[in-house]
Amino acid sequence: MTELVGLADVQAARELLAGVTRTTPLEPSRPLSAVLGGPAWLKCENMQRAGSYKVRGAYVRISRLSAEERERGVVAASAGNHAQGVALAAGLVGTHATVFMPVNAPLPKVSATKGYGATVELAGNTVDESLVAAQTFAERTGAVFIHPFDHADVIAGQGTVALEILEQCPDVKTIVTGVGGGGLISGMAVAAKALRPEVRVIGVQAATAAAFPPSLKAGEPVRLPSFSTIADGIAVGRPGELTFAHVRKLVDEIVTVSEEDISRALLMLLERGKQVVEPAGAVGVAALLAGAVEVEAPVVAVLSGGNIDPLLMLRVIEHGLAAAGRYLRVTVRCTDRPGQLASLLTEIAEHRANVVDVEHQRANPHLRLGEVEVALSVETRGVEHSDKLISALRASGYQVVFAAES
C-alpha cells in the first residue's frame, strides 16, 4: 500500500522553505464573489519566485540531496514551471541542473530556465516524452532525477501553499486548484484535511487533457491516448502513482473546464483582477466562473502560475473576448455596388460596434454575379449586443452567411 505524505512532512517542508520562498498574497476577487454569492479569494502563486508554486517542491527535494548526489547534478523535465523551479532551487543549493523541455515549450519559459543557470535540452512533443528523455539522461550520467510531481518531498513542498491559505483565510470552506500530474493538489489536500477536515478540496483539469477522471473511474492511473490544451502547465497524460493515491483518498472532486472557459477566466483575471496568469494557473477560476462545480464560500482559488508567453496572451485575449461575445467575426453577403460598404459600416456604427478589420471576397464560386462577401471583425459589448447587431443586419436585408465567435 502506498504511504501517503503526512502533515508533519508538510510542516517540515515549510521550515526548509523559510527565507527561500515567498508567502504569496491572498487577494479578494469581487467578480468571483458576485458569481458565487459569497467571499472568494485568489491565492497568488503567480507572484511566487520563478513565477509559480513549483519552486516549493523543487527546493525541498533538492535541498535534501546528499553532497555526493549534488555533485552529480540534477535533471528534470517540464513544460516550463517545474523547469524554472528546479533551475532556481539547484542554484540556491549549489548544484547544476539539466532540464528537458518539449520542443514547443514557450520561449519565455525556456529563456527563464536558462537564466537561472540550467542547461536546457528540447526533447519530445509533450511533457511525458520529455520525462522519458530526462530519465534516460539520469541513467546515463548519474544525475538525480527530480520528478515534477510524483515524489514525497515534492508533494510536501507544494502542500505549504495550503498552510498559508488556512492562516490567511481561517474560515475557508472550499479550496479550488488546477491539476496536472497532481503534486500541488496532493500536498494541499494533505495539509487541509489534517488541519480542517471539513474543507472541500477540488481539482480542475482542462477537458481536453483530463487524465484523473478516467483514472479514478478505473481505480488506477490511466494514460490518455492523446491530449492537447492551451494550459500547457497541466497537460499531463497520466497521473503519478503517489499523487493518484493522494487524490483518490483526500480530494473531494475533480472537474473539467473547456478551452473557452479558460480563456474567459484569463480575460477576467487580467481585466478585472489585474493579474497576469498563465492558462494552467487560471483553471480554478474558470471552473468557478463556468459553474462547473458547486462550492460553499468562502472559496480560495489558487493562481498556480504566471509564466505566460506574451504571444499566447495575445491569442488568449482575443479568444477570451470572442468566448465572452465581445469579439465577433461575421461574413455578410451583399450587392457589389458603390456605397454598399459605406452603408454596411454605417449600420454597424449606429449599433455602437467597432469594426477592427474588413476583407472583401469576390472570388467565391457560390456568389452570384454582382454579389460580394465582406468579412468583418467587430468588437461588441457582449453576447446580447452581438445578437442584436446580427439581427439588425438581417432586418436591413443583408445576408449574414456566417456569424460566429472564434
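**Overall dimensions**

I started with the radius of gyration, taken over C-alpha atoms; the globule rule is 2.2 Å times the number of residues to the power 0.38. For 406 residues a compact globule would come out near 22 Å, and the chain has 24 Å, which agrees. The model is predicted: I need pLDDT of at least 70 for local features and 80 or more for side-chain atom pairs, while totals for chains, interfaces and linings use all residues. I number residues from 1 along each chain as its sequence is written, and side-chain values use heavy atoms, with hydrogens and water left out.

Next I boxed the C-alpha atoms along the principal axes and got roughly 80 × 50 × 40 Å. I then looked up burial (buried means under 20% relative accessible area, exposed over 50%, partly exposed in between; 1.4 Å probe, protein chains only). Buried residues are 56% of the 406. For contacts I took heavy atoms within 4.5 Å. Of those between residues at least 6 apart in sequence, 72% join residues at least 24 apart.

**Secondary structure**

I took helices (H or I, at least four residues) and strands (E, at least two) as DSSP runs, numbered from the N terminus. The chain has 16 helices and 14 strands.

I counted two strands as paired if DSSP finds at least two bridges between them. For angles I used axes fitted as lines to C-alpha atoms, for helices over the stretch in contact; angles run from 0 to 180 degrees between N-to-C directions.

I followed β2 (residues 40–44) on both sides. It runs parallel to β10 (residues 299–303), joined by 5 bridges. There Trp41 stands opposite Val300 in β10. With β1 the pairing is antiparallel, over 3 bridges. Leu26 stands opposite Lys43 in β2. Is β2 enclosed or open? It is largely enclosed by the rest of the structure, because 4 of its 5 residues are buried.

Then I checked helices against this sheet.

Inside, 4 bridges join β3 (residues 74–77) to β4 (residues 97–101). Ala77 stands opposite Phe100 in β4.

**Helices α1 and α3**

Last, I looked at one helix pair. The axes of α1 (residues 7–17) and α3 (residues 54–63) come within 10 Å and cross at roughly 90°. The two are therefore roughly perpendicular (65 to 115 degrees; under 35 is roughly parallel, over 145 roughly antiparallel, the rest oblique). Ala13, Leu16 and Leu17 in α1 meet Arg56, Tyr59, Val60 and Ser63 in α3. By class I find 5 nonpolar, 1 polar and 1 charged residues in this contact. Ala, Val, Leu, Ile, Met, Phe, Trp, Tyr, Cys and Pro count as nonpolar, Asp, Glu, Lys and Arg as charged, and the others, Gly among them, as polar.
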